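Have the model open and click along.

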Amino acid sequence: MSSYEEITAKAYRAITEISEHTGKTINPETFCILPFIHVSTLPQGEVKLCCRGQPPKNIADGYDTYNGNPHVQFNDFDLEEYWNSDYMNTVRKNLIEGKRISQCKNCWKMEDQNILSLRHNRLIDSKGKNKHYDAVKSFTDTGSVPFDIPIIELKLSNLCNFKCRMCWPKDSSLWATDWKKVEQFYDAETRDYINNVAEVAGNKRLYNMYETNERFVDKLLKCLENVEEIEFAGGEPLLDPIHYRVLNNIKNPERVTLKYSTNLHQLGLGDQDVIALWKKFAGVKITISIDGDRELNTRIRRGSDWDILKENIERCKAELDDNLVQIKGTTCISAHNALHIDRTAEAIIAELGIQWHTSRLQYPEFQHANVLPPEQLQEALERLLVTRDRIAERTERKTRFNVLHIENAINWLKLCIENNQYGEKYERFQSFNQTLDG
């Protein structure tokens, strides 16, 4: 059995348990636990199914509640009403019954290529958790889910200290000026989207729709009273004063696990030492965005410093001890780093001494890894096969996890070769980098 088959089998066992718990037939090929236990936010105020979820489409999917993600600034938006809206309940019903909805296409794309998806990961995380199973049972019995959301992802603002090459103003405040240099490389729909986001935010480079919306904040605080896990992303959450305000206002931190997507270059703000705050909570899961080895990461993640990163990883390990539930480096595979995935994996696993996780850049298309010359991708693939075999010989407990993500990267490179788009998009990729660096 491959690593992928072994891991996904755990996800399907969770679905079997949920079926038994509810007494209902649940389709294992489409069911996802997240719409029953989780809500995700974006810095400019959008609310969506999960961090990978796409906006709903009226015509394609038959949803008449929202055309695009709902927004906290909509006059009629109410978080509690949204949680049991026709839209959310249609999503839940379709995923139980076996319909692949367009919002979840990123997970379907991964699974079709034998790559572990967020759906799989979250099913495994929920295995055996009665509160999660009860949420599904409530829906199958009554058609609604209690407004008691266990997992909340907060992207509170786009405040950031980096200008990563694959990012944009929506997720980084430092990107405001660079956007003007390169917006011509993006399609009209994307340019309109960014312009609309800026207009809603008052044409400021910093987006924060949540703190200014009293009704939304009140409902969010209600959710936080019984939350199990809070996910912070950004922007850069460890740089954001709102993030520290949230941490200091959690009533029972010892019951709450914190999860972060961070560049881990700053471990506090003013007199707030984030490690000291973290020690009050049940545990901390840290996912660090790292897109290359020392040299490559500095080029892609503009503003990064490998030595600071390494020092902060060691400090987290030493000071958090048992409170550190997980620490891993995540690499977004793109045209910027696909040819060097082997040395990236080695640097994160061997030099930084943490687990390696992968995701894949899907947009913009001219930065997708499939725009690279196929012969170069093939060479990268062959080097990565050697790396996989070398890593597999290691004896650490996390070796199986690392090998799984190397195999995920191998399968992605194969797909990039099979569906190669080398040509005009590659030329645009090169021009984009030259313009950005000019």
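**Two helices side by side**

Ile 341, Asp 342, Ala 345, Glu 346 and Ile 349 of H16 touch Arg 383, Leu 384, Thr 387, Arg 390 and Ile 391 of H17, where contact means heavy atoms within 4.5 Å. Before going on, note that this is a predicted model, where local features need pLDDT of at least 70, side-chain atom pairs count only at pLDDT 80 or more, and totals for chains, interfaces and linings use all residues. Residues are numbered from 1 along each chain as its sequence is written, and side-chain values use heavy atoms, with hydrogens and water left out.

- The contact of H16 with H17 brings together five nonpolar, one polar and four charged residues (Ala, Val, Leu, Ile, Met, Phe, Trp, Tyr, Cys and Pro count as nonpolar, Asp, Glu, Lys and Arg as charged, and the others, Gly among them, as polar).
- The axes of H16 (residues 341-351) and H17 (residues 374-392) come within 8 Å and cross at roughly 25 degrees; axes are lines fitted to C-alpha atoms, for helices over the stretch in contact, and angles run from 0 to 180 degrees between N-to-C directions.
- That makes H16 roughly parallel to H17 (angles under 35 degrees count as roughly parallel, over 145 as roughly antiparallel, 65 to 115 as roughly perpendicular and the rest as oblique).
- Helices (H or I, at least four residues) and strands (E, at least two) are DSSP runs, numbered from the N terminus.

**A pocket**

- The second largest pocket has a volume of about 240 Å³. On a 1 Å grid over the protein atoms alone, a pocket is an open set of points with protein on both sides within 12 Å along at least five of seven lines, a cavity is a set where a 1.4 Å probe fits but cannot get out, and lining residues have an atom within 4 Å of a point.
- Grid points are joined across faces, edges and corners, and a volume is the space filled by probe spheres set on the points.
- H11 (214-224) and H12 (241-248) each supply at least two residues of this pocket's lining, and H11 gives the most, with four.
- Eight nonpolar, one polar and two charged residues make up the lining of the second largest pocket; among them are Leu 156, Tyr 210 and Arg 245.

- The largest cavity has a volume of about 130 Å³, and of its 14 lining residues the closest to its centre are Cys 32, Leu 34, Cys 50, Cys 104 and Cys 107.
- H6 gives the most to the largest cavity's lining, with three residues.
- The second largest cavity holds about 50 Å³ of space, and its lining has two nonpolar, five polar and two charged residues.
- E12 gives the most to the lining of the second largest cavity, with three residues.

**Salt bridges**

- The whole structure has 34 salt bridges (a side-chain nitrogen of Lys or Arg within 4 Å of a carboxyl oxygen of Asp or Glu).
- Lys 219 lies in H11 and Glu 80 in H4 (residues 79-83), so the pair ties together parts that are 139 residues apart in sequence.

- Gly 234 and Gly 235 are joined by a cis peptide bond, with omega about 15 degrees.
- Asn 114 has a positive phi, near 55 degrees, in a residue other than glycine, and is found in the loop between H6 and H7.
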